Amino acid sequence: MSKKLQGNGLWESSRMILPEHRTAYLQQRKEQERINKPQLDEQEQEYIYRLLTNSLKLKSSITLSLFEPFGNRKVTGVVTAINRQQQLIKLTQDDESLYIAADDIVHAVFDHECL
């Protein structure tokens, strides 16, 4: 008898995967890594706002952790504007400006704790 027909040989010799199945499988694995956005309490929101205001007033650098579905992203810069109506923060990094939605900020660290 041939080796293909012994043990699990028949299954091993006929195994294959369609490209569509592979793509669906990889997408499903990526979706399992998705994280939920944390809900910040009022104290944490107030603390973050205070740090943003201090960065604006003192022109000091601040590091923000921004929520993203597959892992938080950190950005560092100086706050140059706060728009409370539109909930936008303008952060300047090396002559580049970033507009950040206030809802995306999950953590902030001020380089010089001057509260």
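Two strands pair if DSSP finds at least two bridges between them, and strands themselves are DSSP runs (E, at least two residues), just as helices are runs of H or I with at least four, all numbered from the N terminus. Keep that in mind for the tour.

**Before you click.** This is a predicted model, where local features need pLDDT of at least 70 and side-chain atom pairs count only at pLDDT 80 or more, while totals for chains, interfaces and linings use all residues. Residues are numbered from 1 along each chain as its sequence is written, and side-chain values use heavy atoms, with hydrogens and water left out.

**Stop 1: colour by confidence.** Colour the protein by pLDDT, the predictor's confidence in each residue, from 0 to 100. The mean is 85, and 83% of the residues reach 70 or more. Confidence is lowest in helix H1 (residues 9-14), with a mean of 59, and highest in E1, at 95.

Stop 2: Select the five strands: they make an open, antiparallel sheet in the order E4-E3-E2-E1-E5. Strand E4 (96-101) and E5 are the edges, each pairing on one side only. From one strand to the next, the twist averages 45 degrees (axes are lines fitted to C-alpha atoms, for helices over the stretch in contact, and angles run from 0 to 180 degrees between N-to-C directions).

Now zoom in on E1 and E5, an antiparallel pair with five bridges. Which residue in E5 is the bridge partner of isoleucine 62? Select phenylalanine 110 and you have found that partner.

**Stop 3: the helix across the sheet.** Show H3, which lies across E1, E2, E3 and E5 and runs at about 50 degrees to E5.

**Stop 4: the core.** The largest nonpolar core has 14 residues; such a core is a set of buried Ala, Val, Leu, Ile, Met, Phe, Trp, Tyr and Cys residues joined through side-chain atoms within 4.5 Å. Helix H3 (42-58) and strands E1 (61-66), E2 (73-83), E3 (88-93) and E5 (105-110) each supply at least two of its residues. Buried means under 20% relative accessible area, exposed over 50%, and partly exposed in between (1.4 Å probe, protein chains only). Across the protein, 21% of the 115 residues are buried.

Finish on leucine 52, one of the residues with the most contacts inside this core. A contact means heavy atoms within 4.5 Å. Leaving aside residues up to four places away in sequence, Leu52 touches Ile62, Leu64, Val79, Ile82, Ile89 and Ile105.
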